[in-house]
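The paragraphs below lead through the structure in order, from the fold of one chain to its contacts with another. Please keep the sequence and the model in view while reading.

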Amino acid sequence: MLEFTGLWMALVTFLSIWCGHVGVRWLEAHSPNIRPPIIILLVSGITLNVYALFAPNLTLSGVSSIIGITLMWDALEMYRQQGRVLKGHAPANPNNPRHAAYLAAGKAITEDLLDREPQGSPVEQPTAARAQGAPAYKQYREVEA
Amino acid sequence: MMWEGIALGLFSFGIIGFGFFWVIRMEYHLGYLWWPYPMTLGILLVVLSLFTGNAGWSALLGITGGSFIWGATELKEQAVRAELGWFKFNPNPKPNPPGLRWIKKIKAPHL
């Protein structure tokens, strides 16, 4: 008889990484303040892991824990994504007041530099993105504080 | 209490972390055109998980397979990241994957 537990786990692993990958980018780009979604992601992740402990079978327990741990990682990725926007590694959303402030301060770009095909040689990226980096992120945080 | 489920969650966390490692290394040394190979490996692991006869082993193989399939879709974007200078770019010529002619006919997946 076929054992379907692995198939479920594979689907959940793949889909939770995919949803996290796309979801974090969207959520960070559309949240004026990233703290509320981070708290929601963390609480949901912890809740799912607690449920995993009491689930009636291994499949449901594994699925809950995989999604739960992925959501907790996504909470951390929200901060990392904000850092990417400030480095010009992810596009800023001018309609988001937080991103609009980054753009006004010259700390971000609206172009998605990843939206291209590999060409096999190094690519010159826009000066705004190249000139920034982690120090610029820290400078902005200091200005904000 | 079902600690095995939490163990599977932690295992998936670890295997995704390993995914970061191998995607970067594979793109650096071989190039993104090798993407069908980790994808095939992932699919084979998932198929194998159906025949283990044990839920635990099946789950571990399934998680590993799912992660390899995802990693295969990340190789192209990793190649772009390296070209942009966000990761170390390998200036040396990369080996062609077996079946390059067919691989080039399919657009490398990217999600």
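The model is a predicted one. Of the 145 residues in chain A, 36% are buried. Among the contacts in chain A with a separation of 6 or more, 57% join residues 24 or more positions apart.

Two helices of chain A show how the chain packs against itself. The axes of H2(A) and H3(A) come within 7 Å and cross at roughly 160°. An angle over 145 degrees counts as roughly antiparallel, and H2(A) is therefore roughly antiparallel to H3(A). H2(A) passes H3(A) in a left-handed crossing. On the side of H2(A), the residues that make this contact include A:Pro37, A:Ile38, A:Leu41, A:Leu42 and A:Leu48. On the side of H3(A), they include A:Ser61, A:Ser64, A:Ile67, A:Leu71 and A:Met78. By class, the residues of the contact of H2(A) with H3(A) are 13 nonpolar, seven polar and one charged.

The next step is the meeting of the two chains. In total, 37 residues of chain A are in contact with 39 residues of chain B. On the side of chain A that touches chain B, the elements giving two or more residues are H1, H2 and H3 of chain A. H1(A) provides the largest share of that side, with eleven residues. The side of chain A that touches chain B has 22 nonpolar, 13 polar and two charged residues.

H3(A) and H1(B) pack with their axes 7 Å apart, at an angle of about 40°. Angles under 35 degrees would count as roughly parallel; H3(A) and H1(B) are therefore oblique to each other. H3(A) passes H1(B) in a right-handed crossing. Residues of H3(A) in this contact include A:Leu58, A:Gly62, A:Ile66 and A:Ile69, and those of H1(B) include B:Glu4, B:Ile6, B:Leu8 and B:Phe13. The contact of H3(A) with H1(B) divides into seven nonpolar, eight polar and one charged residue.

What does A:Ile66 touch, leaving aside residues up to four places away in sequence? A:Ile66 touches A:Met9, A:Val12, A:Thr13 and A:Ser16 in chain A, and B:Leu8, B:Gly9 and B:Ser12 in chain B.

A:Ile66 also has a place in the largest nonpolar core, which has 46 residues. The members that touch the most other members are A:Met9, A:Ile66, B:Ile63 and B:Leu75. In chain A, helix H1 (5–30), helix H2 (35–54) and helix H3 (58–87) each give two or more residues to this core, as do helix H1 (3–29), helix H2 (36–49) and helix H3 (55–83) in chain B. H3(B) gives the most to this core, with twelve residues. Another core, of seven residues, lies apart from it, and among its members are A:Ala92, A:Tyr102, A:Ala108 and A:Ile109.

A:Asp115 has its place between helix H4 (97–104) and helix H5 (127–131) of chain A. Is A:Asp115 buried or exposed? A:Asp115 has 10 other C-beta atoms within 10 Å, and a residue counts as exposed with 12 or fewer, so A:Asp115 is exposed. A:Arg98 is 17 residues from A:Asp115 along the chain, and their C-alpha atoms are separated by 23 Å.

Note on methods:
Residues are numbered from 1 along each chain as its sequence is written. Chains are lettered from A and ligands numbered from 1 in the order in which they are written. This is a predicted model: local features need pLDDT of at least 70, side-chain atom pairs count only at pLDDT 80 or more; totals for chains, interfaces and linings use all residues. A residue is buried if 20 or more other C-beta atoms lie within 10 Å of its own, exposed if 12 or fewer, and partly exposed in between; C-beta atoms are placed from the backbone. Two residues are in contact if their C-beta atoms, placed from the backbone, lie within 7 Å. Helices (H or I, at least four residues) and strands (E, at least two) are DSSP runs, numbered from the N terminus. A nonpolar core is a set of buried Ala, Val, Leu, Ile, Met, Phe, Trp, Tyr and Cys residues joined through C-beta atoms within 7 Å. Ala, Val, Leu, Ile, Met, Phe, Trp, Tyr, Cys and Pro count as nonpolar, Asp, Glu, Lys and Arg as charged, and the others, Gly among them, as polar. Axes are lines fitted to C-alpha atoms, for helices over the stretch in contact, and angles run from 0 to 180 degrees between N-to-C directions. Angles under 35 degrees count as roughly parallel, over 145 as roughly antiparallel, 65 to 115 as roughly perpendicular and the rest as oblique. A crossing is left-handed if the near helix is turned anticlockwise from the far one by less than a right angle, and right-handed if clockwise.
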